[in-house]
Amino acid sequence: MEMDFSVSSDTQAVLLLCGTLGHNDRGLTPLTPGQYNVLASALNMCGKRPADLIGVNGLDERLIADVCAIPNTNGRIKSASPEKISALLRRGVTLSTALDKWASYGVRVISRADEIYPTRLRKHLGSKAPALLYYAGNTSLLAGGGMAFVGSRDLSEEASGMIRIAVRGCVDLGMNVVSGGARGADQVAMQEAFSVGGRVIGVLPCDLLRTSLDPMNREALAAGNTLLFSAFDPELRPFSYGQVAMARNKYIYGMAEACFVAQSGIGPRSGTWAGADEELKNKNHNPVYVYLGENPSEGCVDLSNRGARIWDPAKTVVENLSGPLTKEEEGVLNLNSAVG
């Protein structure tokens, strides 16, 4: 099997199992995240790694049979059959073609089996951390950290101005700016960070190849202060799959140390509200700040009632970040201390 060894052997195996590989194999559906987690757990029980499924002389059919024979304790997930796993692992030519194309755009890929995989995502999301990450730019920024900025696509001038002030404050402190690249709050935050020389982590829902060619992004990538990454196939076009944009919300929160919600609608139909609400429900959630201002958005008011902190525009970034914990956060802190 011809493989590209610029990608780790483990990641090659995970790509074959979980990747859509540019959608070149439409007749064969990759493993779902749940199916891959079941397989990865079985491999771990056998003391094996993903790369072990691909032997020196071809597929290790015996190992594939052995891991599939281990009982699946997750009743909600239907395990993949040995036949399907073998078929996915035989896509070597398709994989090589995809890797060559992605490399020509400057896009690389890592898996949870790689040491440089973001530790923050592992700790924050546990088994929900994506099996694969596709990225372009400064690899060191995979360490994450900093402030995430999210908000409505149709952003008010007031909220936009507050984002710019907060972003400049973060950059002055040497903090990363994390956002999702969407129209509105995301782009305002990223563009402001670009303009003042800040470090930017763009967590994209899809279409990483095309986004990496955007003139502003190319300039930022070349300057070495930007990372663009996605948990979804880099050739996936915007909103090809309904829940892709919503799913990436958890990765924005997971890569940062805190999040600033500038403006939001209310209820599950609002991507901003849904992402913040999901984070607040996470027992290990990062601090979530909402901006109310003179004309507070309905969603931000509701999120403040759900445990989000209120961002005080009269205070500096440091003063806001060092404010007292909410009751919910005190509970999380106490719980973590008891467990430790």
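Arg-49 is partly exposed, with 42% relative accessible area, where buried means under 20% relative accessible area, exposed over 50%, and partly exposed in between (1.4 Å probe, protein chains only). The model is predicted, so that local features need pLDDT of at least 70 and side-chain atom pairs count only at pLDDT 80 or more, whereas totals for chains, interfaces and linings use all residues. Residues are numbered from 1 along each chain as its sequence is written, and side-chain values use heavy atoms, with hydrogens and water left out.

Arg-49 forms a salt bridge with Asp-10, the closest N and O atoms being 2.7 Å apart; a salt bridge is a side-chain nitrogen of Lys or Arg within 4 Å of a carboxyl oxygen of Asp or Glu. Asp-10 belongs to helix 1 (residues 9-18) and Arg-49 to the loop between helix 2 and strand 1 (54-55), so the pair ties together parts that are 39 residues apart in sequence. Helices (H or I, at least four residues) and strands (E, at least two) are DSSP runs, numbered from the N terminus. In contrast to the partly exposed Arg-49, Asp-10 is buried, at 9% relative accessibility.

In the whole structure, 13 salt bridges are found. One of them joins Lys-250 to Glu-278, with 4.0 Å between the closest N and O atoms. Lys-250 is in helix 12 and Glu-278 in helix 13 (residues 271-281), so this pair ties together parts that are 28 residues apart in sequence. Lys-250 is buried, with a relative accessible area of 17%, while Glu-278 is partly exposed, at 35%. A further salt bridge links Asp-302 and Arg-306, the closest N and O atoms being 2.6 Å apart. Asp-302 is buried, with 18% relative accessible area, and Arg-306 is partly exposed, with 38%. Through salt bridges that share partners, Asp-302 and Arg-306 are joined with Asp-277 and Lys-281 into one network.

An open sheet of 9 strands, with mixed pairing, has the order 3-4-8-7-6-5-9-10-11; two strands pair if DSSP finds at least two bridges between them. The edges are formed by strand 3 (108-111) and strand 11 (309-310), each with a single partner strand, so one side of each is left without a neighbour in the sheet. Strand 11 runs parallel to strand 10 (residues 288-290), and 2 bridges join the two. Val-290 stands opposite Ile-310 of strand 11.

Pockets were located on a 1 Å grid over the protein atoms alone; a pocket is an open set of points where a 1.4 Å probe fits, with protein on both sides within 12 Å along at least five of seven lines, and lining residues have an atom within 4 Å of a point. Grid points are joined across faces, edges and corners, and a volume is the space filled by probe spheres set on the points. The largest pocket has a volume of about 960 Å³. It is lined by 32 residues, of which Cys-18, Leu-31, Thr-32, Pro-33 and Phe-232 are the closest to its centre. Helix 2 (33-45), strand 4 (132-137), helix 11 (244-247) and helix 12 (249-255) are the elements that give two or more residues to this lining. Helix 2 provides the largest share, 4 residues. By class, the lining of the largest pocket comprises 18 nonpolar, 8 polar and 6 charged residues, with Ala, Val, Leu, Ile, Met, Phe, Trp, Tyr, Cys and Pro counted as nonpolar, Asp, Glu, Lys and Arg as charged, and the others, Gly among them, as polar.

The second largest pocket holds about 460 Å³ of space. Among its 22 lining residues, the closest to the centre are Gly-181, Ala-182, Gln-187, Leu-204 and Thr-211. Two or more lining residues come from each of helix 8 (185-195), helix 9 (208-212) and helix 10 (215-223), and helix 8 gives the largest share, 4 residues. The lining of the second largest pocket divides into 10 nonpolar, 6 polar and 6 charged residues.

The search of the whole structure finds 0 disulfides, a disulfide being a pair of cysteine sulfur atoms within 2.5 Å. The sulfur of Cys-46 is 10 Å from the closest cysteine sulfur, that of Cys-68, which is too far for a bond. Cys-46 is partly exposed, at 33% relative accessibility. Cys-170 is likewise in no disulfide, the nearest cysteine sulfur, in Cys-259, being 11 Å away. Cys-170 is buried, with a relative accessible area of 0%.
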